[in-house]
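This report looks at how a ligand is held by a protein chain and then turns to the chain as a whole.

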Amino acid sequence: MNLFTKYSRISNILEGDLEHLSGSYVPDSFPHRETEIDHIVRVLSSILRHTRPSNILIYGKTGTGKTSTTHYVTKMLSEASSDGVKVCYVNCQVYDSPYSILITIVNTLSESESDMIPPLGWPLDRIYSELISRINRRKGFYLLVLDEVDKLIEKNGGDSLYVILKVLDDSTVSRTSLIGITNDAGFLDGLEPRVRSRMNQESVLFTPYNASDLRDIISFRLNGVVKKNTVTESAVNLCAAIGAQEHGDARKALDLMRIAIEIALREGREQITDEEIYQARDKFEMDVVKEAIKTLPLQSKIVMLSSVVTQELNSKLMVTGEIFANYRNICAELGFMPLTSRRVSDILSELEDFGLLSATTKSMGRYGRTRFISVMGQLDLFKKYILEDENLSMFRGSKVTRQSRFENVVDSRKQENGNLEKRLSEIADSEIQKD
Ligand SMILES: Nc1ncnc2c1ncn2[C@@H]1O[C@H](COP(=O)(O)OP(=O)(O)O)[C@@H](O)[C@H]1O
Ligand SMILES: [Mg+2]
């Protein structure tokens, strides 16, 4: 039999484009967001009456539909207004300085290719005056959308937003407004009052979806993509329940459904049931981990590798010193210059921030505090992903050692609970003497 036959059957599942479930596809309706959409539309509708709309701040957790409803509403607005509204959408995670944002805005106002200004080389005041003159030359309204606007403030401080708001105000004709989108409205607290009040003249909160909202959203989005009855009701409910657990995240729920459908297609299955959703969830989580590991700097990968092999040799609890000792062993084996223990300790904290490691600090009485570390996930998979780095592919673990201190910990865990504290103190003690 030809090896491809199994995969080439025309799908019994799909009737439309699976891409329609992806994050970048903007649907033509948003169940359970009617109120929020109406609020935004009411504010922006003053454009149709030729008056400047208030600035709007849209806030709510990730996956609650902020970005896609904004795209949807502003597109409708452009269609509805006779003299053309220019909408400029900027994601501040990508364009993260006031400089690059201003250039992007100027360039959306270019009439031709030759109008475009280069990404580097113009001084800020020249960009500024060019922008104001371009805005003033235009007849229609100008709407600036700053998505993930908290990232802008985080990296550049509140002044950056002030600069941008000032551009909007300095254009004499006053036909510009700002929509800010954020999943962390806390950034407002750090702003000067004058910037803050300008920023949220109107604010619209996107509340988290509950499981029943998500069920409607998933069913709606499946329409036209899959044939009737190919996704079981129970699978939709499960997907919705998982999304609801993650702070009502529609993106996560839709991603899971899409991956589950891909699994069913690949395996030639006829239906999407709970099983496919569970498989999708495992794959999703693994993909996130894989991506996180792949993008680590080399030294962080070595520290991670040391954590994995140290834990492989033993059980749960590791102390920094043990990971550091094996880190040095690995560097020696592969011919890398090791970092200082202080740097390794910083890297361990970063890995903890990424959720790859977990650490608990215990007080060791007169010895101060000691950090105990463990790897969060399947060791063999972690190791496989790390060793995909060609700089590390020669790793054999020939110098990795199991340290005697560690057995103290393991032994102590086998003993009565009461002894644990004391044993840990001894271990901390031996660490200190070694230093
Ligand atoms: N009410 C809804 N109806 C249909 N799809 C939705 C709804 N809310 C969110 N989505 C979809 O969920 C995904 C995440 O939404 P998004 O707008 O990116 O969220 P946010 O910007 O708040 O993080 C997108 O694919 C979006 O189309
Ligand atoms: Mg968004």
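## Ligand 1 and its surroundings

In this predicted model, an oxygen atom of ligand 1 is 2.7 Å from an N or O atom in the side chain of T67.

| Residue | Protein atom | Ligand 1 atom | Distance |
|---|---|---|---|
| T67 | side-chain N or O | oxygen | 2.7 Å |
| P31 | backbone N or O | nitrogen | 2.7 Å |
| Y209 | side-chain N or O | nitrogen | 2.7 Å |

Of the 560 Å² of accessible area that ligand 1 has on its own, the protein covers 97% (Shrake-Rupley method, 1.4 Å probe). The shell around ligand 1 holds 21 residues, the closest being P31, G63, K66, S68 and Y209, where a residue counts if one of its heavy atoms lies within 4 Å. Eight of the shell residues are nonpolar, eight polar and five charged, with Tyr and Pro classed as nonpolar and Gly as polar. Because domain 1 (33-206) and domain 2 (209-292) both give residues to this shell, ligand 1 lies between them; the bounds come from an automatic or database domain assignment.

## The chain as a whole

Buried residues, meaning those under 20% relative accessible area (1.4 Å probe, protein chains only), make up 45% of the 435 residues in the protein chain.

Residues are numbered from 1 along each chain as its sequence is written, and chains are lettered from A and ligands numbered from 1 in the order in which they are written. Local features need pLDDT of at least 70 and side-chain atom pairs 80 or more, while totals for chains, interfaces and linings use all residues, and side-chain values use heavy atoms, leaving out hydrogens and water.

Note on methods. A polar contact is a pair of N or O atoms within 3.5 Å; within protein, one must be able to donate a hydrogen and the other to accept it, and residues adjacent in sequence count only if both atoms are side-chain atoms. Buried means under 20% relative accessible area, exposed over 50%, partly exposed in between (1.4 Å probe, protein chains only).
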